[in-house]
Structures are given as C-alpha cells and as structure tokens.
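Visitor: I'm new to this and would like to learn how such terms are used. Could you show me the structure?

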Amino acid sequence: MISTQKYSGPDIKAIIDEKGLDSNAWYWRKELSKVRGSDVKRTLSRNPGSYSLQKLLSFVSPAAEDYLEEMAQLAHQLTIQRFGRTIRLYAPLYLSNFCINSCLYCGFNKDSYSERKRLTIKQALAEADIIASEGFRDMLLVSSEDREFITIEYLAELAGKLRDKFSFISIEVYPMNSSEYTKLFEAGIEGVTLYQETYNRQAYQYYHPAGPKANYENRLAAPDRIAQAGMREIGLGVLLGLTDWRTETLALAEHAHYLMKRYWRSHISFSFPRLRPAYKVNDLQFEHLLSDKNLVQMILALRLCFTDAGLVLSTRERAELRDHLIKLGITKISAGSKTSPGGYSGQTSAVEQFEIDDRRSPAQITTMIREQGFEPVWKDWDSAVDAPTH
Amino acid sequence: MEVLRINGVEKQFPEGQLPSTVAKLLEQLGVKPATVVAEIDGQIIEREKFAQTLLRKGQSIELIRFVGGG
Amino acid sequence: MDKLVIANREFHSRLLVGTGKFASSEIMAKALKVSGTEIVTVALRRVNIENEKDDMLVAIDRSKYLLLPNTSGARDADEAIRLARIARVATGIKWVKLEVTPDPYYLLPDPVETLKAAEILVKEDFVVLPYINADPILSKKLEDVGTATVMPLASPIGSNQGLKTRAALEIIIEQSNVPVIVDAGLGLPSHAADAMEMGADAVLVNTAIATADDPCQMAEAFKLAVEAGRLAYISGPAAVNRRASASSPLTGFLRDE
C-alpha cells in the first residue's frame with residue numbers, strides 16, 4: 001500500500017468539476033469550435049508527447065480533422081521512439097455474464113433475456129490453457145458485476161493458479177475498495193482496467209439507471225484506489241458513442257494526467273471501446289456514434305499528448321481498421337478473443353458482450369503484425385522477477 | 001585544572017575559574033551572545049537561557065553562528 | 001507575472017540568492033537588494049573563537065528577506081537534522097534548505113541521507129527544501145514524504161557549468177507536483193533564463209553573483225534573466241522545429257469514408 005504519500009492537491013472529482021468536464025458540454029463544444037487550423041498547426045510543433053488541456057483541445061477539435069496525416073506521422077514517430085517496433089498481445093477471459101446492473105447499452109444487462117454462464121475455477125483454467133496454447137502470456141480477466149460468484153476470493157484463487165502460466169494478469173470487473181484491490185495485488189494481479197464509460201454526469205445517470213454501477217463517484221474514484229494498492233497498470237477509457245467523444249477525451253485525459261502526477265509508480269493505458277451492436281440493445285438510439293475518422297483522431301490526439309501511455313485496441317474493431325491503427329500509436333491488441341464465458345472451449349452459446357468484428361486467429365494476427373514491420377510481443381514483464389523468494 | 005571542550009578544542013581553566021554559565025563563557029571569549037547558538041553535550045540551548053544555563057567541567061560545547069552560504 | 005508559491009507562501013521573485021563567497025557584507029547586502037530576491041540562504045558554522053568576525057546576519061534585513069538556513073557541512077542525515085534544529089532555535093524559522101554533502105570535492109548531495117533526513121524533518125514540522133542531484137525518482141520520493149520543493153542541481157556547486165543535467169531536469173519539471181528550484185552550477189544569467197524557459201519554478205544562484213567582478217550588476221543581470229525566462233515560459237513558446245521524416249501516408253485509408 002502506498003500510504004505514506006502526502007498530496008495536497010485537488011482530486012479528480014474536484015478537477016473535472018472545476019473545469020466543467022462532467023457537466024458543461026455546451027461550453028466545451030464552443031471551445032472546440034473556436035480552434036482554427038492555424039492553432040492546430042502551432043500545437044503540432046509544441047512539445048510532442050507532453051500534455052496540456054489546451055494542446056489536446058486543439059487535437060480533438062473539428063479543425064484538426066484536416067491535419068490527421070500530420071498528426072499520424074508524428075504519432076507514429078513518437079510511438080516507435082518510445083515503444084519500439086513492437087505490439088503487445090493479450091487475451092481476455094470472460095468469467096461470467098451474470099450481472100446486477102442495468103446499463104442500457106450492454107448485452108449483459110440484467111434485464112436482457114440471454115443465456116447466462118459462470119465459469120468455475122476449473123472451467124476458467126481450462127479456458128486459460130487454450131489461451132496459453134495460442135501463445136498468450138498476458139491475460140485480462142473480465143466479468144460483469146457478478147459479486148455473488150466472481151468474488152475477491154475467486155479472483156485471488158484464479159490469479160494464484162494462473163501465475164505460473166501467465167506473466168501478466170489484469171482484471172476488468174466491478175469497482176472495488178482499497179483492501180480488495182490490495183488483496184488482489186498480493187494474489188498476483190498487477191493491472192486493473194476500469195472504464196468510466198462517460199464522464200458526463202447526466203449521461204452517466206441516464207445510461208446506468210440501477211445497480212451499484214449507478215454510483216458515478218465511486219467509479220470515478222476507483223483508479224485512485226487501484227493505484228494506492230500498488231497496481232502497475234491502470235487502464236482507462238470511455239464507451240465511445242454515449243456522448244460527444246471530443247469532450248469525453250478531454251475528461252479522460254485530465255483523469256489520466258491527474259493519476260500520472262499523483263501515482264507516479266503506475267502506468268496508464270487508454271482503451272477505445274466503441275459502441276457496437278449488442279444483444280437486444282440494437283434499437284437504442286445513439287446519436288454520438290463515432291466514425292472511423294473520429295476514432296483515428298482520438299487515438300492520435302492522445303498519443304500526441306501522452307508519449308508513455310499504452311493505447312489498447314480490442315477485437316471490437318474490424319480487421320482492416322485494426323491493421324491500419326497498428327501504425328498510428330496503438331501499443332497493445334487482443335487477438336482471437338471470445339467475449340462470452342466458455343467461448344474458447346466453444347462449449348457455449350451464451351451471449352457475447354459485444355459482437356466481435358475481427359475474427360482472425362492469433363496466428364493470423366501475428367502474421368499481419370509482422371507484415372507491417374512490427375514484432376509481436378507476448379510477454380513484456382514477468383512478475384516472477386519480483387515475486388517474494390520464499 | 002578544569003576543562004571544557006569548546007568547538008572541538010580543549011580549553012583549560014584554573015581551578016575554580018570555570019565560567020559558571022554560558023553567558024559568562026561568551027563574555028570571557030568576547031563572543032556576542034546575540035549572534036550565536038550554543039549546544040552543550042548535544043543539547044541546543046536557547047539564547048534566553050544563556051544566563052541561567054550552568055556549565056560543568058568536562059562538558060562539550062559547540063558555539064555556532066550563521067555565515068554566508070549557498 | 002505569476003507568483004511563486006512555496007508552502008502556502010507567495011513570492012514575487014523567482015531568484016533565490018546565496019550569501020557565501022562575497023568579498024564583504026556590504027557588497028553582499030547591495031547585491032541582494034539589486035537582485036530583488038526574497039529568499040536568502042545562509043549556512044551555519046562554528047564560531048572562530050580566536051578570531052571572531054562580525055556576524056553577517058546583521059547585514060541581512062530580515063524584514064525584507066526570508067532567511068533560509070542550509071545544512072551545508074552535514075555529511076549524513078543526523079548532522080543535517082542537528083543543524084536544522086540549531087538553525088530553528090536560533091532564528092525561529094522552520095524553513096530549511098536540506099544539504100547533505102559527504103563528498104568534499106564536488107559537494108554532491110547524498111540521496112539516501114537526504115531522503116532520510118527529509119522524512120524526519122517534515123515530521124518535526126520543518127518546511128524542507130532538499131538539495132539533490134537531478135534524480136527524477138528521488139524527487140518523487142521526497143515529494144511523497146512531504147518536502148515543500150525539490151532543488152535539483154544543474155551542475156556541481158561553484159562549477160558555473162550551467163544545465164548539465166538538462167534531460168533529467170526536464171523530467172523532474174514534468175513530473176513534479178511541488179515547485180522545482182534549480183540550484184547549483186548556474187554560472188551565467190543565460191543559464192538561469194534557460195532553466196526558467198524549461199519550466200523551472202525558480203533558481204538559486206550564489207557563486208556566479210558573489211564572485212563576479214561586479215556582484216551588484218551581475219545580481220541585476222540574473223534578476224532580469226529570471227524574469228525574462230519566466231515570461232517566455234508562460235507565453236507558450238513554439239517548440240524547436242522537428243521535421244518528421246516523410247514516409248508513406250498513414251491515414252489514406254480514411255479518405256474512402
């Protein structure tokens with residue numbers, strides 16, 4: 001536990017409240033529209049890789065759409081300089097799709113009639129074996145909010161058993177308190193991914209009407225607890241398409257910047273979950289869906305402001321797009337993912353969280369990566385290196 | 001002979017002539033009390049207490065003052 | 001221009017000045033005045049009983065300057081802590097510039113002893129300004145234990161070599177949540193301006209002013225340099241031009257949208 005730290009600055013809630021990033025969408029839309037091409041050009045020449053809200057504003061503005069090629073060239077250079085010509089690979093393992101929340105956009109929400117499945121530890125290990133046989137050493141354990149079954153003890157036990165097969169284990173589950181994160185860290189989990197989904201309070205309330213996930217502030221404060229527990233990797237993101245992506249990117253960046261300054265021992269990554277068709281929520285009207293161009297702009301903007309952040313892309317996106325994005329700053333991708341519990345063993349027709357659009361196998365993905373002049377990296381850090389020697 | 005160690009150097013005083021207080025010692029040495037800090041056997045003595053702080057033979061005294069520095 | 005804030009106290013000047021190596025107290029006092037400084041460092045030494053010089057403290061008007069005692073001469077944490085406590089008793093000031101320099105040749109600071117002493121002094125309610133080598137990790141650790149600033153060196157004390165530790169200073173400035181005061185080795189006003197343009201919150205200068213032929217004029221030069229550097233920094237300068245080497249188009253695929 002990093003408990004001895006003295007910090008007297010504002011926390012993330014105060015920061016986005018003060019800047020109106022959680023509520024004043026109208027103000028930020030105005031600011032974005034004021035950006036001119038000349039502003040973007042000037043910003044492109046300033047301290048590439050370092051963050052300021054002003055810089056990011058330029059890069060995510062409508063005006064910057066005419067400068068995507070320049071942004072891309074710079075982002076490509078920065079990424080190669082910092083990360084080398086490498087792409088890290090990971091696999092998600094879905095443990096359960098039982099859920100007590102009612103998120104309007106999600107195929108797992110408790111009111112949708114879909115086949116539910118939970119994996120026992122034994123079943124999860126069987127799935128993990130398949131994943132490992134494909135070459136993966138980096139695993140993301142995913143679950144909907146199924147606190148009854150996917151408990152801290154379950155996750156700790158599973159992590160303990162996976163430790164010798166996987167060099168890096170992270171989780172993407174419901175927000176936890178500090179002692180729970182600490183327990184999981186001690187069990188061998190070193191990263192946590194948690195998307196705020198939307199930083200806009202009104203939208204958040206609308207899309208998360210019930211269940212523990214309805215608590216905006218608890219979720220917002222969770223990355224602090226994740227960092228305080230000692231987790232090495234923190235994954236942030238918003239669900240792209242819920243509200244205006246440009247303003248969300250500003251809030252997301254403020255969150256990342258705050259965490260980077262306060263918790264300097266943890267590494268921050270961004271993910272880009274873009275709203276995709278999901279089971280039984282197809283007819284919900286989403287007015288802010290992102291085009292490919294928008295997605296590219298967001299990725300480039302973040303890379304140009306955060307030299308060291310990881311940029312993670314899942315198999316939600318279709319194959320050709322992913323192939324192009326590899327060169328634009330992405331540092332980590334999944335391959336051959338199955339987003340329903342038991343999906344790897346093929347023994348389930350349980351509903352998927354989202355439709356996958358890149359169904360290539362890990363072998364095919366690695367070929368693609370190599371063709372682009374990159375090397376696939378399966379294992380980046382081995383926790384065995386600093387495991388206690390008893 | 002009675003001895004006081006002052007700033008690392010032993011200073012001898014004829015029997016019975018040891019300065020009785022810090023203030024008296026400073027007076028004897030010609031050092032202005034307003035400009036120094038005194039430490040006796042590692043204990044810092046506040047200026048207001050100079051006149052009351054008694055000295056005994058064998059003590060180690062540090063007299064420190066401010067000088068220019070970066 | 002924007003104010004410097006250290007431990008909830010505001011300062012107009014971002015130039016701190018040291019009082020060592022001046023030819024006389026009068027020259028020192030004049031130079032301090034011309035420099036516009038508000039924070040002045042002093043050291044502690046044993047009184048020379050055989051030959052006591054005038055106390056230089058009287059030459060420093062404490063109503064104008066914040067006196068910042070340093071623990072120079074300390075070779076480990078215990079000695080530094082002792083000096084800090086002595087200074088506090090003597091002046092009533094709880095600010096201390098923590099210097100732990102066991103190496104008598106380059107006067108480089110000991111990172112381990114500095115961190116140790118900082119933690120203890122912060123607990124004793126001192127406002128600690130630690131002098132360190134330009135080590136970004138050490139900076140964060142000191143910030144974690146509660147020091148009011150960090151003071152990374154530009155080059156060894158008195159060497160006048162300027163920003164030899166530039167790359168590390170940039171990282172410290174980027175990552176720090178407390179004011180960064182570049183200290184030691186600033187030999188010319190341009191060095192000071194450079195440090196301020198990089199984003200340093202303040203600089204500390206001693207040797208370059210005290211040993212100049214005309215310390216008062218040099219003090220004024222440093223004052224102007226620090227102001228210019230800060231003004232430049234907050235004006236948002238365009239960066240040095242980086243030519244991206246042309247490669248094949250990366251976003252052509254979007255044209256088809």
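Visitor: What makes β6-β7-β8 of chain C an open sheet, and in which strand order and pairing?

Guide: First, this is a predicted model, where local features need pLDDT of at least 70, side-chain atom pairs count only at pLDDT 80 or more, and totals for chains, interfaces and linings use all residues. Residues are numbered from 1 along each chain as its sequence is written, with chains lettered from A and ligands numbered from 1 in the order in which they are written. The sheet has 3 strands in the order β6-β7-β8 (chain C), with parallel pairing. β6 (95-98) and β8 (151-152) of chain C are edge strands with a single partner each, so one side of each has no neighbour in the sheet.

Visitor: How do you know that β6(C) pairs with β7(C)?

Guide: Strands (DSSP runs of E, at least two residues) are numbered from the N terminus, and two of them pair if DSSP finds at least two bridges between them. Here 4 bridges join β6(C) to β7 (residues 127-132) of chain C, so the pair qualifies. For L98(C), the bridge partner in β7(C) is P130(C).

Visitor: Why is α3(A) called oblique to α4(A)?

Guide: Helix α3 (residues 37-44) and helix α4 (residues 53-60) of chain A pack at about 125°, with axes 9 Å apart. Under 35 degrees is roughly parallel, over 145 roughly antiparallel, 65 to 115 roughly perpendicular, and the rest oblique. That makes α3(A) oblique to α4(A).

Visitor: Which residues make that contact?

Guide: D39(A), V40(A) and T43(A) of α3(A) meet K55(A), S58(A) and F59(A) of α4(A); contact means C-beta atoms, placed from the backbone, within 7 Å.

How values were computed: Axes are lines fitted to C-alpha atoms, for helices over the stretch in contact, and angles run from 0 to 180 degrees between N-to-C directions. Two residues are in contact if their C-beta atoms, placed from the backbone, lie within 7 Å.
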